[in-house]
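Hello, and thanks for joining this walk through a structure.

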Amino acid sequence: MRVLVVNEEPAVAESITAGLRRHGYDAESVDTGTEALRSHDQVDLVLLDLELPDLDGLEVCRAIRNEGDTPIIVVTDRDDRIHRVLVLQAGSDDCLDKRDCLEIPLGFRELIARIEAVMRRARPDRHRRRQISRGSLHIDTDLREVRVDGRPVALTRKEFDLLHLLARHPEKILPRRQIMAEVWDDHHVGSSRTLDMHVSSLRGKLGAGSWIRTARGVGFGIGHG
């Protein structure tokens, strides 16, 4: 599912998009209302911060709603009730306190739960369990389950995150630095040996080393088993 993050603060936008990607979403960000109005019809949900450098956030929300039914979740640092009423009247499907959104991990879990709830309400016929299949390998993103030839494969949280990341980019070799940033986050301190150990463990559990391709000196990609 594609999520557009609209936020003028680069660090905040990067934190949110990276977190969404770790949870299986295809997330991208823009930093102006003008760009949001150009891009909203290309995504499944808009996560809109009202503090924008060029346009009034409420007007952006109204414009998106007037042009279509793309679900909108507004992120705001104002907690007064009147403001939240105005946000909902502008066409937002939900409203979330910015401070809660950035609180790790509970606040981000709330954000994910709200996204899922909004999508269930907005598009019940289109809200389906997210799955990735590649040959005999099946990954259920929502249940965080993996099967090979119908056989369940028990993975640790990081092993699942690593496999899911590679499977989302089936035709690519992902650089080591990108993998470390998205699976272990930018603040992880450790050598690339951590990544190598998880790749080795994954290959063993999946039953074939060919499920994960290695590009020496570059990174890893999903294979064919």
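What follows is a set of questions and answers on this predicted model.

Q: How many of the 5 residues of strand E3 are buried?
A: Strand E3 covers residues 45-49 and is mostly covered. Leu45, Leu47 and Asp49 point one way from E3, while Val46 and Leu48 point the other way, and all are buried. The count of buried residues in E3 is therefore 5 of 5, where buried means under 20% relative accessible area.

Q: Which residue of E4 does Val46 stand opposite?
A: E3 is joined to strand E4 (residues 72-76) by 4 bridges, and the two run parallel. E3, helix H3 (residues 57-67) and E4 make a right-handed β-α-β unit. In E4, the residue opposite Val46 is Ile72.

Q: Which residue of E3 is the bridge partner of Val5?
A: Strand E1 (residues 2-6) runs parallel to E3, with 4 bridges joining them. Along this pairing, Leu4 stands opposite Val46 in E3. For Val5, the bridge partner in E3 is Leu47.

Q: Why is E1 described as largely enclosed by the rest of the structure?
A: Burial is the basis for this description of E1. E1 has 5 residues, and it is largely enclosed because the number of them that are buried is 4.

Q: What is the handedness of the crossover from E1 to E2?
A: E1 and strand E2 (residues 26-30) pair in the parallel sense over 5 bridges. Within this pairing, Val6 has Val30 of E2 as its bridge partner. The chain goes from E1 through helix H1 (residues 10-22) to E2, and this β-α-β crossover is right-handed.

Q: Which strands stand at the edges of the open sheet of 3 strands?
A: This open sheet has antiparallel pairing and the order E10-E12-E11. Two of its strands have a single partner strand each, so one side of each is left without a neighbour in the sheet. These edge strands are E10 (174-175) and E11 (212-215).

Q: What angle does the direction of helix H7 make with that of E12?
A: Helix H7 (residues 157-167) packs on the sheet, where it touches E10, E11 and E12. Its direction makes an angle with that of E12 of about 75°.

Q: Which residue of E12 is the bridge partner of Ala215?
A: E11 and strand E12 (residues 219-222) pair in the antiparallel sense over 4 bridges. In E12, the bridge partner of Ala215 is Gly219.

Q: How far apart are the end C-alpha atoms of helix H9?
A: Helix H9 (residues 193-206) has 14 residues, and at 1.5 Å a residue it should span 20 Å. The model agrees with that expectation, because the end C-alpha atoms are apart by 20 Å.

Q: What arc do the buried residues of H9 cover around the axis?
A: The buried residues in H9 are Leu195, His198, Val199, Leu202 and Leu206. They lie on the same side of H9, because around the axis they cover an arc of only 100°.

Q: Which exposed residues does the opposite face of H9 carry?
A: H9 lies across E11 and E12, running at about 145° to E11. Just after H9, Gly207 takes a positive phi of about 90°. The face turned away from the buried side of H9 carries the exposed residues Arg193, Met197 and Gly204.

Note on methods:
Residues are numbered from 1 along each chain as its sequence is written. This is a predicted model: local features need pLDDT of at least 70, side-chain atom pairs count only at pLDDT 80 or more; totals for chains, interfaces and linings use all residues. Side-chain values use heavy atoms; hydrogens and water are left out. Buried means under 20% relative accessible area, exposed over 50%, partly exposed in between (1.4 Å probe, protein chains only). Two strands pair if DSSP finds at least two bridges between them. A crossover is right-handed if, with the strands pointing away from the viewer, the path from the first strand over the helix to the second runs clockwise. The expected span of a helix is 1.5 Å times one less than its number of residues. The arc is that of the directions from the helix axis to the C-beta atoms. Contact means heavy atoms within 4.5 Å. Axes are lines fitted to C-alpha atoms, for helices over the stretch in contact, and angles run from 0 to 180 degrees between N-to-C directions.
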